[in-house]
Amino acid sequence: MEVLAGQKHKHLEFTLVAVSELSSPSVPPPSTPVIARFSADSGVAELRFRQDSGFIDGFNVNLGTAQLFKLGPLKSLCISGSSDSNKEKSFARGVTVLFRNEEESRDFHSAFEQWQNEDVTQGMHLPNGAISDVKSKFDNKIEPSSAKMYFHYYGQLLHQQNMLQDYVRTGTYYAAVIENRADFTGRVVVDVGAGSGILSLFAAQVIKGKVEEVKLPEKADILISEPMGTLLVNERMLESYIIARDRFLVPKGKMFPSVGRIHMAPFSDEYLFVEIANKTLFWQQQNYYGVDLTALHGSAFQGYFSQPVVDAFDPRLLVSPPMSHVIDFNEAKEEDLYEIDIPLKFVASVGTRVHGLACWFDVLFNGSTVQRWLTTAPGSPTTHWYQIRCVLSQPIYVMTGQEITGQLHMVAHNAQSYTINLTLSAKMWGPGAEQGGIIQSSSCKLHLKEPYYRMSQPQPYTTAQDQQPLQLLQPQDIPIHTDDLEEPKLLQQPLENSGALLQ
């Protein structure tokens, strides 16, 4: 590997065994090695291949539109669009690359990603707010229509007001900064997206652009952002937060927030289940203005139960103490958020029908002076995130002390959200249970992008549930396995005040 840097341009070269077009038949490796060259001489980051004294014609790869896949320890496939500016001639093509050893293969993949995401705009002097013609990492993984709607939505003052008037959210951010003001004194501060509204506390320069694209003159000591969506990960802004960390933050710099946790527990809510099921009755009509709708009832039933329910619910509906999944923003990789797999295991505290899985999240502001938590837990002051519930179309029955197992599997997609696959199972209970297996199981597929907002619905509760209140675990009761963290002080009302959610 060779790195050359000049006053205006730089390039990076790798020695390869061979390159060939994907559509070409297999040919033996050439007698002389092939050189792969990363450069941005023309202002656009590209990958070219040369042999002997000249570049190989037709093998130019525009890194702004390319993807690299590993086919084996020594073989990779690069897929790219044509670099021809004439869109009518643009087409996808594949180039196979053969390496000399695994170490060079790893280095090549690392260099490919670095040039694609870090050096795409190197040498381009864009004015503040200007957009490069080269696609950023954000543009490559998010469909344009979703991104347009996202930025349009949050560009409206009424939605900004909705978030700013969430006093739990805004107050926690404000307190975390004021109480840890020493962390901000005389240092470079990056407010990623300015979503937290903290910039007004500092003399700041606003740089317009995506974190995947903009350039900063120096590294930052602190990143502060509000990248959380419903279920913590919706909208996929956590990935941009991590990209900002890798691009802008000095080693051992601080992140506000620094840790996020998704909390989960099975719940029982007969009223919610019946409410959703009753929506499908419309499609059971056999003569709706002369049309038989019953053929669509099954699809409608699946559609209604594929919507996660967003509302504020009473914690007495929980069937067991919650468990948590921790995401350490200081250590997590962007790829960790592409697919999230959480094994579930609970012990029922009450005998009842389980209608699904309830979820909420909290985040930690790990300041040098004070550690502060922002929680969206049921029984705590309600935030604009509320809580979220995944409802099973087929409930399962459990007895007190029975073990509930399952899996929460979330897969990211290019509409800035996730597809959720949930399975809950009740294991055999009673004498001989250690030899028994699963006696009930129920699964569902939900679309986090399309929730059912139920914030204004009345929520009555049965006497049996009221008689057996469940003490909700506090954030400080669940370990986050992060070094050098003291127990946080949580801004949370006592459980007895949870009735305020029902007003």
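In this predicted model, the charged end of Lys 279 sits over the ring of Tyr 452, 3.3 Å from the ring's centre. A charge counts as sitting over a ring if NZ of Lys or CZ of Arg is within 6 Å of the ring centre and within 35 degrees of the ring normal. Residues are numbered from 1 along each chain as its sequence is written. As the model is predicted, local features need pLDDT of at least 70 and side-chain atom pairs pLDDT 80 or more, while totals for chains, interfaces and linings use all residues; side-chain values use heavy atoms, with hydrogens and water left out.

Next come rings that meet rings. Rings of Phe, Tyr and Trp (its six-membered ring) pair if their centres lie within 6.5 Å; planes under 30 degrees apart are stacked, over 60 edge-to-face, and the rest tilted. That rule gives 18 aromatic pairs. Take Phe 14 and Phe 108, an edge-to-face pair with 5.4 Å between centres and 75° between planes. This pair links distant parts of the chain, 94 residues apart: Phe 14 belongs to strand S2 (residues 10–16) and Phe 108 to helix H1 (residues 102–117). Helices (H or I, at least four residues) and strands (E, at least two) are DSSP runs, numbered from the N terminus. Phe 14 is buried, at 4% relative accessible area, and Phe 108 is buried too, at 0%. Buried means under 20%, exposed over 50%, and partly exposed in between (1.4 Å probe, protein chains only). Ring pairs also tie Phe 14, Phe 38, Phe 99, Phe 108, Phe 112 and Trp 115 into a cluster.
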